[in-house]
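Keep the view open beside you as you read.

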Amino acid sequence: MNQIALGMELNFSQKIISEYENGKVEPSITTLKKLASIFNTSVDYIIEYTDIRQPIDKIAQSELSETECELLNEFRCLPKEKQNIALGIIMGLKHS
């Protein structure tokens, strides 16, 4: 999506979108929420608080406890090798 299209979606000028991208202006919380909705991601991803682009699906979240959601998000941040180690530990705990 280009700056003009995003500006039209948010009802902002292309100049404002450019200023957001270049860090000259910070978007409001309301604008961050709209951006997250438009790009199907989280505000945390937009503000670079996490590198997980896609949050856990809202349906899955309703079926998982808060701890399970936290574990899944942390697991996703691990490199593949450490994910395999974590799975091994969990399987070991399950069978002990």
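Begin with Lys 15, which is exposed, with a relative accessible area of 55%. Please bear in mind that this is a predicted model. The side chain of Lys 15 meets that of Glu 19 in a salt bridge, with 3.3 Å from N to O. Side chains of opposite charge can pair when their charged atoms come close. Lys 15 and Glu 19 sit four residues apart in helix H2, so about one helical turn separates them. An α-helix has 3.6 residues a turn, so residues three or four places apart point the same way. Glu 19 has a relative accessibility of 17%, and it counts as buried because the cut-off for that class is under 20%.

Now look at the rest of H2. Along with Glu 19, the residues Ile 17, Ser 18 and Tyr 20 are buried in this helix. What covers the buried residues of H2 includes H1 and H3. Just after H2 comes Gly 23, which takes a positive phi of about 75°.

From here we can move on to H3, which runs over residues 29–38. Which of its residues are buried? They are Thr 31, Leu 32, Leu 35 and Ala 36. These residues cover an arc of only 140° around the axis, which means that they lie on the same side of H3. Turn to the other side of H3 and you will find Lys 33 and Ser 37, which are exposed. What do the buried residues of H3 pack against? Their partners are helix H1 (3–10), helix H2 (14–21) and helix H4 (43–46). H3 is followed by Asn 40, and its phi is positive too, near 50°.

Let's jump ahead to helix H7, which spans residues 80–94 and includes Ile 85. Gln 83 is also located in H7. Is Gln 83 buried or exposed? With a relative accessibility of 13%, Gln 83 counts as buried. If you set aside the neighbours within four places in sequence, Gln 83 is in contact with Phe 75, Arg 76 and Leu 78. Ile 85, by comparison, is partly exposed, with a relative accessible area of 48%. Together with Ile 89 and Leu 93, Ile 85 makes a nonpolar surface patch of about 320 Å².

Finally, step back to see the protein chain as a whole. It has seven helices and zero strands, and read along the sequence its pattern is α-α-α-α-α-α-α. How does its overall extent look in numbers? Along its principal axes, the C-alpha trace spans about 60 × 25 × 20 Å. The radius of gyration is 18 Å, whereas a compact globule of 96 residues would have one near 12 Å.

Buried residues make up 20% of the 96 residues in the protein chain. Among contacts with a separation of 6 or more, 19% are between residues 24 or more positions apart. The accessible surface of the protein chain comes to about 7,700 Å², and carbon and sulfur atoms account for 55% of that surface.

Note on methods
Residues are numbered from 1 along each chain as its sequence is written. This is a predicted model: local features need pLDDT of at least 70, side-chain atom pairs count only at pLDDT 80 or more; totals for chains, interfaces and linings use all residues. Side-chain values use heavy atoms; hydrogens and water are left out. Patches are made of residues with over 30% relative accessible area and no salt bridge: like charges are joined within 9 Å, nonpolar side chains (Val, Leu, Ile, Met, Phe, Trp, Tyr) within 5 Å. Accessible areas come from the Shrake-Rupley method with a 1.4 Å probe; for residues, only the protein chains shown count as cover. A salt bridge is a side-chain nitrogen of Lys or Arg within 4 Å of a carboxyl oxygen of Asp or Glu. Helices (H or I, at least four residues) and strands (E, at least two) are DSSP runs, numbered from the N terminus. Buried means under 20% relative accessible area, exposed over 50%, partly exposed in between (1.4 Å probe, protein chains only). The arc is that of the directions from the helix axis to the C-beta atoms. Contact means heavy atoms within 4.5 Å. The radius of gyration is taken over C-alpha atoms; the globule rule is 2.2 Å times the number of residues to the power 0.38.
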